[in-house]
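Subject: Aromatic rings in the model

Hi,

Here is the structure I promised to pass on.

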Amino acid sequence: QVRLVESGGGSVQAGRSLRLSCAASGYIYVNRCMGWFRQAPGKDREGVATISTGGDSTYYADSVKGRFTISQDNAKNTVYLLMDNLKSEDSAIYFCAITRPRSDTGCLDSLVRFGAWGQGTQVAVSS
């Protein structure tokens, strides 16, 4: 069983940056998809960014393209989300997820359907 622990959330002013971390432990797939999702009050959970093991495949939601960067340290089984130029609409609970890739779909869909999830970390951006 895999365990995910997110960290790095907090309260910041608009325009500032935060870096989230998600450390995986337990049974970790060699080939895997990892990603970040977020959920704001009253809204559905949405995919923010995903990355495959080799780092050659990434996805970003349109709302964060050019501002957020997902990266990973495979030796540490950790995925990061660097969030620059934060906006008030980025305020949400951010969740990390992991799964093995599926041959018939991409990382985002695989994580939504089959992912194991962390407990989340709160990000609050004030304008």
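First, the ground rules. This is a predicted model, in which local features need pLDDT of at least 70 and side-chain atom pairs count only at pLDDT 80 or more, while totals for chains, interfaces and linings use all residues. Residues are numbered from 1 along each chain as its sequence is written, and side-chain values use heavy atoms, with hydrogens and water left out.

There are two aromatic pairs in the structure (rings of Phe, Tyr and Trp, the last by its six-membered ring, with centres within 6.5 Å; planes under 30 degrees apart are stacked, over 60 edge-to-face, the rest tilted). Y27 and Y29 form an edge-to-face pair, because their planes stand at 90° with the centres 5.9 Å apart. Y27 is exposed at 57% relative accessibility, and Y29 is partly exposed at 26% (buried is under 20% relative accessible area, exposed over 50%, partly exposed in between, with a 1.4 Å probe and protein chains only).

F37 and W117 are also edge-to-face, since their planes are at 65° and their centres 4.8 Å apart. This pair links distant parts of the chain, with F37 in strand 4 (residues 33-39) and W117 in strand 10 (residues 116-117), 80 residues apart; strands are DSSP runs of E, at least two residues, numbered from the N terminus. F37 is buried at 2% relative accessibility, whereas W117 is partly exposed at 30%.

Now for R45. Its charged end sits over the ring of W117, 4.6 Å from the centre (NZ of Lys or CZ of Arg within 6 Å of the ring centre and within 35 degrees of the ring normal). R45 also lies over the face of F95, at 4.0 Å from the ring centre.

Best wishes

Conventions
Helices (H or I, at least four residues) and strands (E, at least two) are DSSP runs, numbered from the N terminus.
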